[in-house]
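Work through the exercises below with the sequence and the model in view. Each task is followed by its solution.

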Amino acid sequence: MNELCQLAIHQAHELLKQKKISSVELTKSTLERIAAVESNIHACISVNEDIALKKAREADSCIASGDITPLTGIPALIKDVICTQGIRTTCGSKMLEKFIPPYDATVIKRLKAQRMIMLGKANMDEFAMGSSTENSAFFPTHNPWDLSRVPGGSSGGSAAAVAADEAIYTLGSDTGGSIRQPAGFCNMVGFKPTYGRVSRFGLVAFASSLDQIGPITKDVTDCALVMNTIAGYDPSDSTSVSYPVPDYTQQLIPHLNGLRIGIPREYLVEGMQSEVRTALDIAIKRLEELGAEIDWEVSLPSTKYALAVYYILAPSEASANLARYNGVKYGFSEQNASAATEAAEKTRQFGFGPEVKRRIMLGTYALSAGYYDAYYLKAQKVRTLIKQEFDQVFKKYDVLVTPTSPTVAFKIGEKSEDPIQMYLSDVCTLPINIAGLPAISIPAGFDNNLPVGMQIIGKPFDEETVLRVAFAYEQATDWHKRKPSL
Amino acid sequence: MKLSHEQVKHIARLAQLGLNEAEIEQLSSQLSDILENFEILKQIDTCNVPPATHSIRLQNIFRKDSATKSYPQSEILANAPKQEANCFRVQTILE
């Protein structure tokens, strides 16, 4: 195997800067890798070889003239929920199978300004609804660590692609764990920034009060580098905030002296696989050795309500957001109907898959007359309580540490017929979206060659401390260096 | 909370979502199971708790009312399933 595609961003950048490699060579290496492994992994919905190589040649001429930033000439894959001008953006759905956005998402504009090489678009659960990438309308993605298992979801294509060295890094989106859970299942670093930190403009909306875009990378340094480019205020997203963006690489120091870490006990019970617990215990011990003060007695009692709150709020928002897909302005359209209402109903019947329909129905029910107060309003109130509990706890601790998922990657087909079991695989990640906090998943061990992820949760807009803890742990361990044999 | 077939059909109408009989049958049982899991929220007293629409406290975001360039009609219509005379074409709305 050509080794260039195995590089991290910061390693490739050094070689590009010293002119030891070219962006064309690096890009070709990832394209060759895609050609070699895609028939097993199925991480990509589309690959645009010609565009990628053209952009790589342009990047090389910039680099030749000394114009280089940390992301210049580095090949990436983008989750297919993020709009890319002139390039098909399907959302993993038959509904948008032929949709070509007329504009770039803000994150894409920012990455293009740094001369990113976009290799193509990554597979995902339809409209980002799912935890296994089995809900893609096109094909399921396979976990590079065990091809009979799921890569997690909904950003399963993005996580599997980096794990299999098909891209140097990828972007995902996270509404209830969709970056962190697949990163954990694939031994990658996956970061969900604070709600409002990264512009959602051009991210196809699922649940607008929960969605955030974030990077999936091979290490924490790479994560910080991508964050440096994508974070920041955007007037096109009225929920993005204007706080200054620090240089996220500045706090990457190899010790945790003076940091207080809380372990919320509600995240360590019910249905948790014992091997995950063991791996987490060892990882937390390591955090202690690195200088952190650990408190095992932290409690967030409202955690038990988070699953219900999430599965009321997210489908409610989704049912409103997805009302736009009626076959008129774009997307799939069923023309065999006598009137507009029938056309819309048929368009949605044949354009959406089962999980999307289930969530639209659930959300519509929760918002309908007579049930709004009992479900939607109630969930919003409990959301306040969940958020307040985190606020209280963060007065005492710098970060909280939990497992990313209660289990390692499960088998393809194991949970696809049981929505509730599938929903439970996000039980450790979705409270974080409800509270809007930043959280990362990093490699923290293995159970029989299957990766275990550790989640580090931070205070709102304190991405730096989350990255600091992640970096110190990464420097003290070798988990992130392990590669799946393909 | 058990959802009847009639209720499922009613919600589907509100959502403009066509469903076949098998889907109605399946959704009736699946949605009922999911709703049962929501019962846990009844345990928690939220009488004096304000609802949160977002996780960050942002209110009334204003911007200058200034004209910006919009997209050419052709680009916006390019994804239209059906178009006519520079408009989206839809099926009959009123008989």
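Helices (H or I, at least four residues) and strands (E, at least two) are DSSP runs, numbered from the N terminus. This is a predicted model, in which local features need pLDDT of at least 70, side-chain atom pairs count only at pLDDT 80 or more, and totals for chains, interfaces and linings use all residues. Residues are numbered from 1 along each chain as its sequence is written, and chains are lettered from A and ligands numbered from 1 in the order in which they are written.

**Exercise 1.** State in what order the elements of chain B run from the N terminus.

Solution. Chain B has three helices and two strands. Their order is α-α-α-β-β.

**Exercise 2.** Explain why chain B is described as more spread out than a compact globule.

Solution. Take the radius of gyration over C-alpha atoms, and the globule rule as 2.2 Å times the number of residues to the power 0.38. For 95 residues the rule gives 12 Å, and chain B, at 22 Å, is well over that, so it is more spread out than a compact globule. Next, the C-alpha trace of chain B spans about 55 × 45 × 25 Å along its principal axes.

**Exercise 3.** Find how many residues of helix α7 of chain A are buried.

Solution. A residue is buried if 20 or more other C-beta atoms, placed from the backbone, lie within 10 Å of its own. In α7(A), residues 220–230, eleven of the eleven pass, so the helix is largely enclosed by the rest of the structure. Among them are A:Asp222 and A:Asn228. Just after α7(A), A:Gly232 has a positive phi of about 130°.

Key: A residue is buried if 20 or more other C-beta atoms lie within 10 Å of its own, exposed if 12 or fewer, and partly exposed in between; C-beta atoms are placed from the backbone.
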